[in-house]
Protein chains: 2
Amino acid sequence: MAGGGAAASALSSPWRTLLQRALDANAHLRHSTFFQLATVGACGRPANRTVVFRGFQEHCDKIQINTDARSNKIGEIKSCPFGEICWYFTDSWEQFRISGSIDVIDASSADPAKLQYREKAWFSSSVKSRLQYLGPQPGIPVLDDEHVKGVHLDPLAGPVDAFCLLVLDPEKVDYLNLKSNQRLMFTRQNDDGSNDWMAVKVSP
Amino acid sequence: MAGGGAAASALSSPWRTLLQRALDANAHLRHSTFFQLATVGACGRPANRTVVFRGFQEHCDKIQINTDARSNKIGEIKSCPFGEICWYFTDSWEQFRISGSIDVIDASSADPAKLQYREKAWFSSSVKSRLQYLGPQPGIPVLDDEHVKGVHLDPLAGPVDAFCLLVLDPEKVDYLNLKSNQRLMFTRQNDDGSNDWMAVKVSP
């Protein structure tokens, strides 16, 4: 389970300061790093599942998620590369809806920097969590669920083919605080890599 | 906050028995009736938000959600009437992904039975939660957030125009238990109203 990653720096986006505060306030809850990731799936229908926050990518606000390259969502994201995270913090009653484009980084990536991020994510995971990528393909009927036992994984070995890193680049963040009944809408102002966000207080 | 509604009857779908058990096991947590609803939003991008489970519709497995008729999701659902609920139970480590079509029941519905469901949902909500539908339109910039104070609502008055009932009709349920590492996929076999489901044990 990755924690909140590096704390928000002085150069961070305004919403990230709120998010870091929520992560800190809810850190005593195991599920505080779980959120729901919505994508567009088969036949243009919505898909939604719980995933684990694996921290921000270095020096930026991109959000990292580990997943299995054999799961349905990979093909789905490749055909519609957008996602919306819904992250509800159960102790502080805060919701973050974070939408943006998703980059799929699997073993076939041609970008050495991206492959390095993938390798880093692999070694940041526990050996137990790495083992799941050696199991059978997710979603296929189970005939004998005992056959993954006894699988050995060298803790020094790099990522297996089934290991995939998803990177969501936030474009819009809708923040709702149910205790104070306040809602803020953050919108990224441009695509040039600069960290320029507009914030508007809106009706909850 | 609606509870789990009526307990699953002997005629219930097989997944509903699991869901009722999860609701009972997590009932001590205020957020156990919260789930994330994914839809397809503007420009075909996914949208995701936390909503509250308002029970099952009488005599069937349709899932009820109250919402504001002025929120973006109404127009979005009208143009793509499908949703996927992701419901994660934080104490029992169970996830239900429930996908199906969504029916929007607002004041303009021509079906008297549907309008009755809407009225029932209205009176099942607390007066405090009804008051939110008298506030400003969700998502519009706030100039003066004091102006909703002093609004009076007759507790006997029927639903206001902004009150809308969403009804999701489940077609597929993907159940994952992270404690036992078991996953079951339930698929509805037909559209004739009968409660015929197929269950397959799949790899998590």
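How many salt bridges are there between chain B and chain A? I looked this up first, and the count between the two chains is two, a salt bridge being a side-chain nitrogen of Lys or Arg within 4 Å of a carboxyl oxygen of Asp or Glu.

**Ground rules.** I note that this is a predicted model, in which local features need pLDDT of at least 70 and side-chain atom pairs count only at pLDDT 80 or more, while totals for chains, interfaces and linings use all residues. Residues are numbered from 1 along each chain as its sequence is written, chains are lettered from A and ligands numbered from 1 in the order in which they are written, and side-chain values use heavy atoms, with hydrogens and water left out.

**Confidence.** I recorded ipTM 0.93 and pTM 0.94 for the model. For chain A the mean pLDDT (the predictor's confidence in each residue, from 0 to 100) is 92, and 91% of its residues reach 70 or more. Residues 1-10 of chain A have pLDDT below 50, although this stretch has 24 contacts in the model beyond near neighbours in sequence, contact meaning heavy atoms within 4.5 Å. Where pLDDT is low, the predicted coordinates should not be read in detail.

**Symmetry.** I superposed the copies by least squares on the C-alpha atoms of residues with pLDDT of at least 70 in both, and found that a rotation of 180° with 0.0 Å of shift along its axis brings chain B onto chain A with an RMSD of 0.0 Å. That is the relation of a two-fold axis. In chain B, the C-alpha nearest the axis belongs to Ala38(B), 2.9 Å from it.

**Interface.** I found 42 residues from chain B and 42 residues from chain A in the contact. The two chains bury about 3300 Å² between them, 57% of it on carbon and sulfur atoms; this buried area is the accessible area (1.4 Å probe) that two parts lose on being put together, summed over both. As one cross-chain salt bridge I noted the side chains of Glu171(A) and Arg45(B), at 3.0 Å from N to O.

**Within chain A.** I picked out the side chains of Lys120(A) and Glu58(A), which meet in a salt bridge at 2.3 Å, N to O. Lys120(A) lies in helix α3 (residues 112-124) and Glu58(A) in the loop between β2 (46-52) and β3 (63-68), so the pair ties together parts that are 62 residues apart in sequence. Helices (H or I, at least four residues) and strands (E, at least two) are DSSP runs, numbered from the N terminus.
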